[in-house]
Protein chains: 2
Amino acid sequence: MYVVFLLIFQCLWGDPLPSWSEGPNKLAILQLVEESKNLLDHEKIAVFDQDGTLWVEKPYYTQLVYALENASDKSSMDPLKLTEGEIAELIVKTHAGQSIQAFDQKVANWLSSALHPRFKRHYTELIYQPMLEVMRYLEKNGFNNYIVSGGGQEFIRVYSDKVYQIPVNRVIGTAGKVKYQEGQVFKEKEILFINDKAGKVEGINLIIGKRPWIAFGNSDGDKEMLEWSIKGKFLVHHDDPLREYAYDNDSTIGRLSHELMEEAKKRNWRLISMKEDWKIIFP
Amino acid sequence: MYVVFLLIFQCLWGDPLPSWSEGPNKLAILQLVEESKNLLDHEKIAVFDQDGTLWVEKPYYTQLVYALENASDKSSMDPLKLTEGEIAELIVKTHAGQSIQAFDQKVANWLSSALHPRFKRHYTELIYQPMLEVMRYLEKNGFNNYIVSGGGQEFIRVYSDKVYQIPVNRVIGTAGKVKYQEGQVFKEKEILFINDKAGKVEGINLIIGKRPWIAFGNSDGDKEMLEWSIKGKFLVHHDDPLREYAYDNDSTIGRLSHELMEEAKKRNWRLISMKEDWKIIFP
């Protein structure tokens, strides 16, 4: 059935998602966008988790790699044993005491040289082509795309526009407190809010002020955001050890628990198989 | 000189600011917009304080009137003696413990019935027509307008779209913490951040992530926001006791100190005279 729909659709309008295999998940995205044509412009909001949803998060979150290289007592830390809260604290602490401008420059420099240990490519190249296609397709249909990440807002802002074509005002992330002084904004040591789990909904409420229509995530940290979203609810499942990684319930980084997978099934949320649904992974 | 420019401008393109008297302030706005045509779209950001800049703030901030009517121990409070911090706390406290949806409904109901003590009109009718014209004119020229207010973000969101045509995601205000629970977002008792003075810059950094190009304010609470903005810096001066109010250095509500007026003069910030510059005040 969906093959017929897809064939007709692509015949009429071309294929907006060429990296997606024909199947129910691709169809679901196309149908959602068709349905969205009745929405008012300001209702067209799509939210995307970043780590593990838009780019690689293994073996560690990119920002954690950066923070560890900048931490004063890095020797004693096992990045795989840090809780999400400890990671947020480490990140905010190692980034504090500098102006946002200086921080931006430092991160941009680091990103232009650091390489991923397995793929030997820049971290900003390890983004998922199929998700880029979804973002461009939604945009073309009037959607405003937002990144809603547990990662640091200012960190993501450094490259969001260049890498995802998402402007800085549409990046919602864990935020440290800042202080305006003598014409500059400085990063401080305290956390303003942690944008994870229920915090993602609270962050969306703060910055967008509306419920999203479509949400993409990949881990337990995205559950509340998907739940609160109105219509499209997608979870990227990392099941492709050859081309990327395979992990879910037993991973500390990007954990997707059996419980959430069960619940997703019950609620008819869509589990995207990287192995089956994505013809290619990276651009 | 400016009369000639204005005449030619209006002859060619019509008058986008009909409620503004011909003079250097009107000219400055028109010229700024002309200059902005070289900017990239995402650089076109204009920020507006609300109380005293977009609508009447005397005898008390509208939201303070609302909060006082909802406070449990209102009898003991003299609204004119409250500091900005005490006002923020009172507001956050009296608004806490309800879902944002319920709060929205309550505020909307109140706004549809409450009348201003002097003008006997709804508070949302006591907005400044000349500022509406500025907002529409900027918008037409590609600007994104934001409200950046010391008032409560959720309070302003209730009417921002209807009254100012500013969507909820472009309202930056003092924010209380919220909690997502069972599908709803609830207001809590604690303040997340106070969007006043340096806090306005910090709030803009959090939500927009860029420096504004044009800023409009009216009081000492707007100084840092104007300072941080790149180009246009305007202060509305309340000098019209007949049609509105006259106050500056000696007012607790919306204080515009002699020092700031002096500084504004030195830095070439524009002081808008309600009496001289505005042909009409309310729509």
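These notebook entries record what I looked up on chain A and on one helix pair of chain B.

**Basis.** I note that this is a predicted model, in which local features need pLDDT of at least 70, side-chain atom pairs count only at pLDDT 80 or more, and totals for chains, interfaces and linings use all residues. Residues are numbered from 1 along each chain as its sequence is written, chains are lettered from A and ligands numbered from 1 in the order in which they are written, and side-chain values use heavy atoms, without hydrogens and water.

**Chain A.** I looked up the secondary structure of chain A and found 12 helices and eight strands (DSSP runs, H or I of at least four residues for helices, E of at least two for strands, numbered from the N terminus). The C-alpha trace spans about 60 × 40 × 35 Å along its principal axes. Of the 283 residues in chain A, 58% are buried (under 20% relative accessible area, 1.4 Å probe, protein chains only).

**Helix pair in chain B.** I then turned to α3(B), residues 62-70, and α5(B), residues 100-113, which pack at an angle of about 105° with their axes 12 Å apart (axes are lines fitted to C-alpha atoms over the stretch in contact, and angles run from 0 to 180 degrees between N-to-C directions). α3(B) is therefore roughly perpendicular to α5(B) (65 to 115 degrees). I recorded Thr62(B), Val65(B), Tyr66(B), Glu69(B) and Asn70(B) of α3(B) as meeting Phe103(B), Lys106(B), Val107(B), Trp110(B) and Leu111(B) of α5(B) (contact means heavy atoms within 4.5 Å).

Definitions and conventions. Parallel < 35°, antiparallel > 145°, perpendicular 65-115°, else oblique. Buried < 20%, exposed > 50% of the residue type's maximum accessible area, 1.4 Å probe, protein only.
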